[in-house]
Amino acid sequence: MPAIAKLGAVVIDVNNFDRVKDFWIQLLDVEVANEFPGMAFLKPQDGTAGVTIQQVPESKSGKNRVHPDLGVEDLGEAERRIHELGGSTVKHNEAGGFQWYVMADPDGNEFCIAAV
């Protein structure tokens, strides 16, 4: 049976539009594909869904129910570079020898990084 839908983009709600947009552009090393006030469609990396940054009036409240998982070559180096971009570490995790870090962008939106 064919898929009902194809993932087009992950939309991230933000308050600080320009700062968070720049964070994700640098984190993913992508460019803006299309932009209008309060919304930026980032070019997808090869073979992945795109990311859309959308300005909203309300602040984040509580844990994200859906979040991106990102593969990195080196967890420590990726964490350091994310901090340089204005992101933060939420938590380090390990299960069965597998490690991943929960990170947050400058608006507090959570995402995970794991070594690939």
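The second largest pocket of this predicted model has a volume of about 380 Å³, where a pocket is an open set of points on a 1 Å grid over the protein atoms alone, with a 1.4 Å probe fitting at the points and protein on both sides within 12 Å along at least five of seven lines. The model is predicted, with local features needing pLDDT of at least 70 and side-chain atom pairs counting only at pLDDT 80 or more, while totals for chains, interfaces and linings use all residues. Residues are numbered from 1 along each chain as its sequence is written, and side-chain values use heavy atoms, with hydrogens and water left out. Helices (H or I, at least four residues) and strands (E, at least two) are DSSP runs, numbered from the N terminus.

**Pockets**

- Strand S1 gives the most to the lining of the second largest pocket, with five residues.
- That lining holds eight nonpolar, seven polar and seven charged residues, where Ala, Val, Leu, Ile, Met, Phe, Trp, Tyr, Cys and Pro count as nonpolar, Asp, Glu, Lys and Arg as charged, and the others, Gly among them, as polar.
- At least two residues of the lining of the largest pocket come from each of H1, S4, S5 and H2, and H2 gives the most, with five residues.
- By class, the lining of the largest pocket comprises 16 nonpolar, five polar and eight charged residues.

- Phe111 touches, among others, Phe23, Trp24, Leu27, His67, Leu70 and Tyr101, not counting residues up to four places away in sequence, with contact taken as heavy atoms within 4.5 Å.

- Five aromatic pairs are found in a search of the whole structure, a pair being rings of Phe, Tyr and Trp (its six-membered ring) with centres within 6.5 Å, and planes under 30 degrees apart count as stacked, over 60 as edge-to-face and the rest as tilted.
- The rings of Phe98 and Trp100 are stacked, because their centres are 5.6 Å apart and their planes lie at 25 degrees.
- Phe98 counts as partly exposed at 41% relative accessibility, and Trp100 also counts as partly exposed, at 24%; buried means under 20% relative accessible area, exposed over 50%, and partly exposed in between (1.4 Å probe, protein chains only).
- Ring pairs also link Phe23, Trp24 and Phe111 into a cluster.
- Asn93, placed in strand S6 (residues 88-95), counts as buried at 15% relative accessibility, and its contacts are Phe98, Gln99, Trp100 and Val102, not counting residues up to four places away in sequence.

- Asp29 lies in the loop between H1 and strand S2 (32-36) and is exposed, with a relative accessible area of 72%.
- Asp29 has a positive phi of about 55 degrees although it is not a glycine, and most residues other than glycine have a negative phi.
- His67, in the loop between S4 and S5, counts as partly exposed at 30% relative accessibility and touches Glu110, Phe111 and Cys112, not counting residues up to four places away in sequence.
- Val66 is also placed in the loop between S4 and S5, and Val66 is exposed, with a relative accessible area of 69%.
- Ile4 is found in the segment before S1 and is exposed, with a relative accessible area of 87%.
- Ile4 and Thr89 are 85 residues apart in sequence and 36 Å apart in space, C-alpha to C-alpha.

Note on methods: On a 1 Å grid over the protein atoms alone, a cavity is a set of points where a 1.4 Å probe fits but cannot get out, and a pocket is an open set with protein on both sides within 12 Å along at least five of seven lines; lining residues have an atom within 4 Å of a point. Grid points are joined across faces, edges and corners, and a volume is the space filled by probe spheres set on the points.
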